[in-house]
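I opened a new page today. I want to note what I looked up, entry by entry.

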Amino acid sequence: MQRLENAVLSKAKELLESGKVSRVLGWTKGEFCYDVSPCVFNTVDELKNFVYNGFCGANLSKYLINESKKEGKIAVFLKPCDTYSYNQLVKEHRIKVENVYAVGVECQGKFDIEKFYAKGVGFVASVEEGLTEVKVNGETVLNRNDVKLERCLVCNKKHVAGEEIVELNEKLPSDSDRFEMVKKLEAMTADERFAFWKKELSKCIRCNACRNVCPACNCTKCVFDNPNSEVSAKANATSFEEQMFHIIRAFHVAGRCTDCGECSRVCPQNIPLHLLNRKFISDIDKLYGEYQAGEDTTSKGPLTSFTKEDAEPSDAVGGNK
Amino acid sequence: MEKSEQIKLIKERSGTDAKKCMKCGKCSGRCPAYADMDIKPHQFVSYIEKGEIDKLLNSKSLFTCLTCFACVERCPRGVAPAAIIEAVRQEVIRMQGENRVKAEEIPEIVDDKIPQQLLVSMFRKYNK
Amino acid sequence: MQEINKERKPLIVAFCCNWCSYAGADLAGSSRLSYPANVKIIRVPCSCRVNPLFILKAFQRGADGVILCGCHPGDCHYTTGNYYTRRRMSLLFSMLDYLGIERERTRVEWVSAAEGAKFSNVMNDFAKTINELGENKRLEDLRCKD
Amino acid sequence: MQKIGVFVCWCGSNISATVDVKKVAEVLKAEPGVVVSENYQYMCSENGQALIRNAIKEHGLTGVVVCSCSPRMHEATFRKTCESAGINPYMVEIANIREQCSWIHKDIEEATEKAIILGRTAIAKLKLNAPLTAGESAVTKRALVIGGGIAGIQSALDIAEAGFEVDIVEQSPTIGGNMAKLDKTFPTLDCAACILTPKMVDCAQNDKIDIMTFSEIESVKGFVGNFKVEIRRKARFVNEKTCTGCGVCMQKCPAKKGLNEFNMGLNNRPAIYIPFAQAIPNVAIIDPEQCLKIKNGKCGLCSMNCQVNAIDYTMKDEIVEREYGAIVVATGYKPISLENFNEYGYDTYKDVVTSLEFERIMNAAGPTNGQLVRPSDGKHPHVITFIQCVGSRDTSGCGKPYCSKICCMYTAKHAMLLREKYPDTEVHVFYIDVRTPGKNYDEFFRRAVEQYDVDYIKGMVGKVYKEGDKLMVQGSDLINDEQVIIPSDMVVLAAAIEPNPSVRKIATMLTASIDTNNFLTEAHAKLRPVESPTAGIFLSGVCQGPKDIPETVSQASACAAKVIGLLAKDTLKCNACVAHSDEMICTGCSVCENVCPYGAITYVDKEFRLGGGKTEVRRVAQVNPAVCQGCGACTVTCPSGAMDLKGFSTKQIMAEVDAVCKR
Amino acid sequence: MKFSYYPGCTLKTKAKELDIYGRKSLEALGVDFEEIKEWQCCGAVYPVAKDEVATKLSAVRTLAQAKEEDGKLLTLCSACHNVLKRVNEDMKSDDNMRLKANNYLALEEAYNGETDVIHYLELLRDYVGFDKLKEKVVKPLTGKKIGAYYGCLLLRPNSVLAFDNPENPSIIENFIKAIGATPVVYAMRNECCGAYVSVTHKEIAEKKSANVINSAKDAGAEMLVTACPLCMYNLTENGKGAMEVKYFTELLAEALGVKE
């Protein structure tokens, strides 16, 4: 995987040096190997901190909303899943495409640091990445799948945008069903579901991390911050408001959510927020035909189109009682 | 079995919706076996819809329909008369003692040119 | 407020589109077809004006059932509004169900301006369902009381 | 702080019998913001209204709540009352305590309690009302008619007659449409050309009417009263103004292999041609696919022989922009293609023809000069078999699910004309049902059977095949319970009709709704049958649904009346309860545009001050208040909440929810 | 890409010509194919009734086997083609059938209609190309007037078979042109030969076959080609030898110069 990082880095250098772009949006090193963060590089020199490894889970597409408005062209590195968010933002006119040079980058799934700890690794100093295995701190060999983010375990996304792609190995397919947990929940009784969500959602501290990271949540002013919307809430007075916040947030991104999984990745309370989005996606697929947001930049979303034969709400609600 | 139950079963087995028929008669206009039928393709659709199943169970047409699917292909309403005939035929041949061809009779009627395919399809059509 | 704050009866909020269902409710009225008084109607121009927020807000404020009525699909005064309503509410209701909230508490019905009897029947039936379910207990302890 | 007046109506005993109106007025008086609360027997009466007016003046009210019958009944009345007393008419809210309270509840206590809640809800909403003014927009006094068939011609003539200017845009080189191709018309059997061509000439001579043939709609912008339309005038390579239609060029042209469109391709025409003798404009046109000069630069005979130098081989398409107040869609129909119906042998046998081709064969000005001969060998046919419902009422996916409506009558007409003119012929008609509703229609059909001995066979044809010289028509005779095979000399297929294929593109440009069969949708099937739901767009003729000529002409005139009614106004009052977007919040994501049925939303790049002398350009949505009808679909679709609806704002509805739920 | 060649029962016995010449021609055309492993009888006739599952299972087994190979199942006999293609469609679109068949067969991997069922003629048209075929012909059958006999099974129901225009097909005519002969179009080329009633109602089959043959004769055909052993039997035996009938593969092999 070192080779991949080098290839991405040299692509970044080449683009800056040739003057094709004036800035590069990528990831920069942190204190430890796992705390990389998104960063804009303005010079070749700055690229010495450039990094591309298994911890580069962050979806860079949302940063382009502001970055693409600035002077000069910016290069951005997009993992397959990021390209869907990118397309969706382009569709919604949020990115000035003429200022962006998008480069697809190979991704074999990104890591969840918590899963290393769960595997008994106390501190992660270094990770050597292979396609199917990783070597931690030069000694412990782990199955790559065991330390992947949930979203990466079920990912079969391909690059759907980008002028070019940096890819050394073909992406390994996943045969997991991303709707497995949704189905499991649907199979529970209503009481069990209620208990599940009450437990999960009551953990919410309204830190807004999910909203801030979500590429679909890109409003200039969020309804939850707008006193005129009648739902703005300073803090959560009740747990109902948490529920409301998450339902409304999921509804606002329904049909636009690309299932990038960033909400769950960044949640400090580990609430499986993606299960709300996936419920909408699974219902949309079932009721209105399969739809993947961000697959293109022109199609109408499922909530802004209809057929005369659509299911009635009474028939649409499935699942166990 | 209740008669209504039997009709329902036959309808389900046919997989086609006889109610969609607009009685244009195109199926019978297209049928190449028309001359050899007592009950005609369009009548199968009509009788099944009216529930007059006894006439159909005794029809000679069950065994002269060629299942050539010309009626199905040309129906302007997407009804499949041949599938109704087949569904009734199954009802008949699945009854006790209704096998139309006995294996022991075969040598008499077979000439040496007859392809296996013909024998198998005949058994499938006439026997359960 | 004292004088009307008696024993708590289940409360139903009905959003009705101006052109069909609200007129249907008027017809139920002029035909003297009764339905329970705990059904309260809110007039909207079209069923597609009903934001999921309104429904959640109603539950938050103490409604025990929410029903949304609009023109029959194909008859929308604005041509297409109720088609969007149908999709939105299908997804919203399915989500509420997914969260474990009784699915019987939400409903969409298409009632035309001529269907006074249907309006009254629908409301009687829905009120019966909600009465049987009782108060929205599932949300009760979560509810903001003011 | 608003000063609100509450007015509780007894409606005689209609309300007061079940609702304690005095108590309602009393309780509501205690609501914050309410300065006066009255009750009266008939609030809608002159005295009642005076009571409201006086209270407004006396207490300086800013808003009024009337607890009475349904707003659908008297909202307009009370709005006028308030307006006359000097407050904005949209500062009125009605609490419906009759239809939705007193009339359906029996228990006085219960009904009174509900009436109070409804009153409170209206007050809660009213507190958030803002004065609204319905905008006005000027009307461009000119109409556009898209399509120059009988529908378009009739609409244009009627509009011009009322004194307004009209442009007809027709895609083919002449107006006249399908009707010009017909021989006789049912049920009177008068000749189509005799009744149509005078109207065509009227159009040409009317100085209010501008005819643009061989032209197409390129783009449509704007809204009712103010449409801007780009029209592509396709190059016809002949100067329309100078050409005299003498026809010499046609005789001289050496390339005579073009298929004659007017004769349904049954014979040929030269590369330069006039579609038919009575064409309007009576001007030649060059088919560049056929013309030797345009194809390879060699020829130029027409130009050499043109006395007025009208020919210009280098002519290019031209775009003209015009403004209109109203647009009439009259795009008409065409028979469906028969590629899915090979059982009738249309592609295989020359003597199997469509009814429209048969019209040309029977027409004295047609390819055979009106002589009935077979296309294959020019022989006179003796047995002619008609097949109806070819592709109509077909839900299998091969044809169209609807009844084409005109086929039964024209088939009866063909059969009758045949037997009349050629008594030696034998005519058979296969039919599923004969549908002849209409004045003198069934009588007409019966004449074909009773007087002209046409053989009507109930049943459909399964196969047409050739045996020797004959076309064998094999079909069902359901009445006689037999399968018949009719050896025929000619077979005529009553092909289903479908809307002109260009209509989908046009409807999209007009944001007019269209159904799955490509027929334009009317605003209301019964009460507004000639209007599209999109304001300012009107429907004339078959573009709205299958019709025969009398119906088409009626609809075309009805349509013209609607257009005249619109153009007669100098300004249009718009709906005041329209959507509007908060530009500070809008992200320009364009989701709302997708759900707007009226095309009222557009996007602009707008500069915003950020403070500190900085500015930012953002894409934001703008709603055209003249086009918006106020459904609110956009408000729910908008993720940011930037889009709201005046008169039914999110805050207002939320306040109502709150008030209704308060215990 | 390798085609899984499905001969079917009759091609191993009464219709050997269809099989042998089919294989030889494929070799001559350079098509990569191999006889599908452990094939079973297709069932000979597609069970139309919706409640029949067991009778379709042998076809499913073959289809699943083809999926394990390269996923391209090549058929010759019209009946086999009809059965396999329609059962395949059921496995794709009929939830009930798919569930029951998969439960019953308990394959290692569920079969959901992934295999492409391709008739030999479709292979010639879509994979080889009639133009290419024409180039490979060494002994063109110049001057031979041949009528194409389609029958029912290749064409209907078109919604599933999607073989050619069901009322005005052209694939066999194009094939005839490609091998250098002259196609004769006649009205009854898509009518039934009499099919299975041949055994019990011989008179009907005779009538049907005569109808086809007379129509072809009137149109000037000297010979008929077919892809179906059952049609072959009816047209020759019940047609009383009124017209020469050959399998299309035999003519193909002849034109390609690989017939003995």
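**Chain B, contacts and build**

I began with contacts in chain B between residues at least 6 apart in sequence: 70% of them join residues at least 24 apart. Two residues are in contact if their C-beta atoms, placed from the backbone, lie within 7 Å.

I noted the ground rules next. The model is predicted, so local features need pLDDT of at least 70, side-chain atom pairs count only at pLDDT 80 or more, and totals for chains, interfaces and linings use all residues. Residues are numbered from 1 along each chain as its sequence is written, while chains are lettered from A and ligands numbered from 1 in the order in which they are written.

I looked up the elements. Chain B has eight helices and zero strands. Helices (H or I, at least four residues) and strands (E, at least two) are DSSP runs, numbered from the N terminus.

I checked the size. The C-alpha atoms of chain B fill a box of roughly 45 × 35 × 20 Å along the principal axes.

In chain B, 51% of the 128 residues count as buried (20 or more other C-beta atoms within 10 Å of a residue's own, with C-beta atoms placed from the backbone).

**A helix pair in chain B**

How do α1(B) and α6(B) cross, left-handed or right-handed? I found a right-handed crossing (the near helix is turned clockwise from the far one by less than a right angle). The axes of α1 (residues 3-14) and α6 (residues 81-93) of chain B come within 8 Å and cross at roughly 130 degrees. Axes are lines fitted to C-alpha atoms, for helices over the stretch in contact, and angles run from 0 to 180 degrees between N-to-C directions.

I listed the residues that meet. Ile10(B), Arg13(B) and Ser14(B) come from α1(B), and those from α6(B) include Ala83(B), Ile84(B) and Ala87(B).

**Between chains**

Which chains have the most contacts between them? Among the six pairs that touch, chains C and D do. The contact takes 38 residues from chain D and 37 residues from chain C. On the side of chain D that touches chain C, α18(D) gives the most, with eight residues.

I also looked at chain A. No contact joins chain A and chain B, and their closest C-alpha atoms lie 18 Å apart. For chains A and E, again without contact, the closest C-alpha atoms lie 13 Å apart.

Notes:
Buried ≥ 20, exposed ≤ 12 C-beta atoms within 10 Å, placed from the backbone.
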